[in-house]
Amino acid sequence: MEYYVIIGCGAAGMAAAERLRRLKPDASIVMVSKDEHSHSRCMLHKYLGGERDVEGLAFTDEDFFEKNHIYWSRGQAVKRVDTAAKKVILEDGELVYDKLLIASGAVYSVPPIPNFRTADNVYGFRDLSDAVKIRKAVEEKNAKHVFIVGSGLVGLDVAYALLEQGVKVTIAEMADRILPLQTDATSAGAYQELFEKAGASFRLGIGASDSKVNDKNEITHVILANGEEIPCDFVVAAAGVRPCIDFLKDSGLEMERSLKVNEYLRTSDPDVYAAGDVTGLSGIWPNAMDQGRKAAMNMAGMPVAYTDSFCIKNTINFFGLAMLSAGDIEPKDDSCQVYTKESRSEYKKAIVKDGIVTGIQLQGDISGSGFWQHLIKNKIDISGLLKEKNIFHISYADFYGLDSTGEYIYSGQC
Amino acid sequence: MKRIMIDASKCDGCKNCALACMDSHRRDGKEGVETLDFNSPMTVARNEIVCGVNGGYLPMFCRHCTEPACANSCMSGALQKDEETGHVKYDEAKCGSCFMCVMNCPYGIPKISEDRTKIIKCDFCNDRPEGPACVLACPKQAIYVEEV
């Protein structure tokens with residue numbers, strides 16, 4: 001009998017477990033997670049906004065563990081990993097493994113602003129437990145005003161959910177615009193307007209520098225760098241995450257800011273693999289799942305390399321305004337061509353360098369736009385096509401092809 | 001699994017497949033392509049025929065891929081490859097409207113609903129015994145079902 005252990009039940013862990021079971025029908029597979037419920041982090045805001053219950057956050061079938069004959073030790077923190085003895089040490093017990101997958105994800109970081117790390121009313125937004133705490137804070141304290149640090153997708157998800165419940169939010173962002181990783185000034189402006197209409201207030205290009213605490217160790221005011229004092233019932237830190245590797249510090253596994261893996265997602269120990277946020281390779285869901293599946297294949301003795309290093313991509317959907325953003329936001333140098341198209345309902349921007357698309361932003365209608373990622377990732381030369389048509393008329397049809405099994409492929413231009 | 005195979009050289013762009021698809025997925029209780037309401041944003045085909053650069057028509061139909069990029073990127077579990085039929089099924093109730101599938105399908109197949117809350121994608125007409133409506137409607141056998 002082979003023993004497989006997977007730490008973490010997020011996107012990477014669950015995808016790995018499913019693939020591993022398919023490849024190894026008779027092996028023992030044990031999963032261990034700090035989370036009590038396997039849930040989709042990308043949908044936590046739907047729980048916070050009261051749109052879904054805990055069950056509604058599941059991204060696999062209800063009977064996932066029974067169906068796949070996986071023993072799941074839930075609500076269990078891993079204390080450490082003993083790679084020499086090939087054991088995972090838990091709070092109360094240990095698990096032996098032949099092959100181990102570490103998919104422990106990431107933890108949110110709280111910015112080093114006075115009182116932020118010690119006050120009792122500063123929350124992150126990473127796990128269901130965080131969403132539960134925020135919901136409780138809203139309900140029990142009858143919160144009227146929340147201060148959010150960071151206007152990335154996480155910060156705005158929290159803002160959206162709180163606004164839906166009539167809570168006023170103020171969001172501080174160090175960059176000069178909201179969603180700075182995905183948008184330029186124009187596309188950011190469209191979202192900012194929608195959020196402001198819904199009651200959000202932004203402070204851009206400025207950070208918090210201090211705070212005031214009451215006798216219950218709760219932050220009552222956040223003070224910005226320009227001296228402005230913003231009253232709040234609680235604070236949400238949405239200013240980034242870091243790989244969850246603290247429990248590995250004595251494991252001997254090679255790590256820096258993240259757990260190091262080679263192209264086969266193997267760590268410095270031949271029997272230990274890693275996938276998802278803990279590797280620091282990519283912060284988005286599809287890549288985490290892909291890494292999980294590929295790590296499982298490598299663990300099962302089917303070598304497959306993970307080569308998808310392109311991870312600057314995302315989709316956004318707030319107030320029914322959808323957006324796709326991939327690659328560069330602005331041209332890197334003067335040799336780039338920038339194409340834009342703007343109308344009442346949409347904004348498009350493409351950046352091309354030497355015939356290769358390096359960045360795309362589509363706001364409004366994003367149907368049929370999956371080919372852009374393929375063009376950017378694979379550096380496909382479109383200079384021939386650009387002579388024939390408007391860049392925004394290019395579609396997969398320009399690369400249409402079929403293989404013998406009837407699947408689509410990218411052929412030369414047709 | 002069964003797949004809708006495509007012989008693009010036979011397609012003459014009549015779009016009977018698109019009409020049949022709209023008719024088979026309508027929710028207004030009516031039947032027959034002649035009663036389709038083209039003013040309704042709900043009347044959407046899951047397939048599409050686009051013009052090729054050198055003339056000719058290119059049928060765009062969900063392949064229900066062996067490694068489906070849409071389902072592989074789904075963060076809600078709404079899109080899943082059915083192990084028995086091999087078809088990629090979409091559960092509207094589970095969908096989180098994140099549109100990762102739209103970004104990740106390299107062939108641009110999943111569409112977004114008019115109200116931006118759901119996606120619209122081929123369901124192989126729920127594997128009904130007579131086969132998908134589009135295939136039955138094609139007068140040229142440019143699309144046909146085959147076991148692959």
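How many bridges join strand E5 (residues 87-90) of chain A to E6(A)? Four bridges join these two strands, which run antiparallel; strands here are DSSP runs of E with at least two residues, helices are runs of H or I with at least four residues, and both are numbered from the N terminus. Two strands are taken to pair if DSSP finds at least two bridges between them.

The structure is a predicted model, in which local features need pLDDT of at least 70 and side-chain atom pairs count only at pLDDT 80 or more, while totals for chains, interfaces and linings use all residues. Residues are numbered from 1 along each chain as its sequence is written, and chains are lettered from A and ligands numbered from 1 in the order in which they are written. For the complex the predictor gives an ipTM of 0.94 and a pTM of 0.92. The average pLDDT of chain B is 95, with 100% of its residues scoring at least 70; pLDDT is the predictor's confidence in each residue, on a scale from 0 to 100.

**Domains**

Domain bounds come from an automatic or database domain assignment. In chain A this assignment gives domain 1 (3-107 + 242-299), domain 2 (122-239) and domain 3 (321-399), and the centres of domain 1 of chain A and domain 3 of chain A, taken over C-alpha atoms, are separated by 35 Å. Chain B is divided into domain 1 (1-61 + 124-148) and domain 2 (64-121), whose C-alpha centres lie 19 Å apart. Eight residues of domain 1 of chain B are in contact with nine residues of domain 2 of chain B, where contact means that the C-beta atoms of two residues, placed from the backbone, lie within 7 Å. On the side of domain 1 of chain B that touches domain 2 of chain B, the residues divide into five nonpolar, no polar and three charged; in this division Ala, Val, Leu, Ile, Met, Phe, Trp, Tyr, Cys and Pro count as nonpolar, Asp, Glu, Lys and Arg as charged, and the others, Gly among them, as polar.

**The contact between the chains**

Chain A gives 36 residues to the contact and chain B gives 33 residues. On the side of chain A that touches chain B, the elements giving two or more residues are helix H7 (285-299), strand E19 (313-318), strand E20 (321-327) and helix H8 (370-377) of chain A. The residues of that side comprise 17 nonpolar, 14 polar and five charged.

**Sheets and hairpins of chain A**

Strands E5 and E6 belong to an open sheet of three strands in the order E4-E5-E6 (chain A), with antiparallel pairing. Its edge strands are strand E4 (78-82) and strand E6 (93-96) of chain A, each of which pairs on one side only. In this sheet A:Ile89 stands opposite A:Glu94 in E6(A).

A second open sheet has five strands in the order E19-E20-E23-E22-E21 (chain A), again with antiparallel pairing, and its edge strands are E19 and strand E21 (336-342) of chain A. The twist averages 10° from one strand to the next, the angles being taken between N-to-C directions, from 0 to 180 degrees, with axes as lines fitted to C-alpha atoms, for helices over the stretch in contact. E20(A) and strand E23 (residues 356-363) of chain A pair over five bridges, and A:Ala326 stands opposite A:Ile360 in E23(A). Helix H6 (residues 185-197) of chain A packs on this sheet, touching E19, E20, strand E22 (347-353) and E23 of chain A, and its direction makes about 150° with that of E20(A).

Two hairpins share strand E14, as the table sets out.

| Hairpin | Residues between the strands | Turn residue with positive phi |
|---|---|---|
| E13(A) and E14(A) | five residues | A:Asn217, about 60° |
| E14(A) and E15(A) | four residues | A:Gly227, about 95° |

Five bridges join strand E13 (residues 208-213) to strand E14 (residues 219-224) of chain A, with A:Leu224 as the bridge partner of A:Ala208. Three bridges join E14(A) to strand E15 (residues 229-231) of chain A, where A:Val222 stands opposite A:Ile230.

**Helix packing**

The axes of helix H1 (residues 11-23) of chain A and H7(A) come within 7 Å and cross at roughly 35°.
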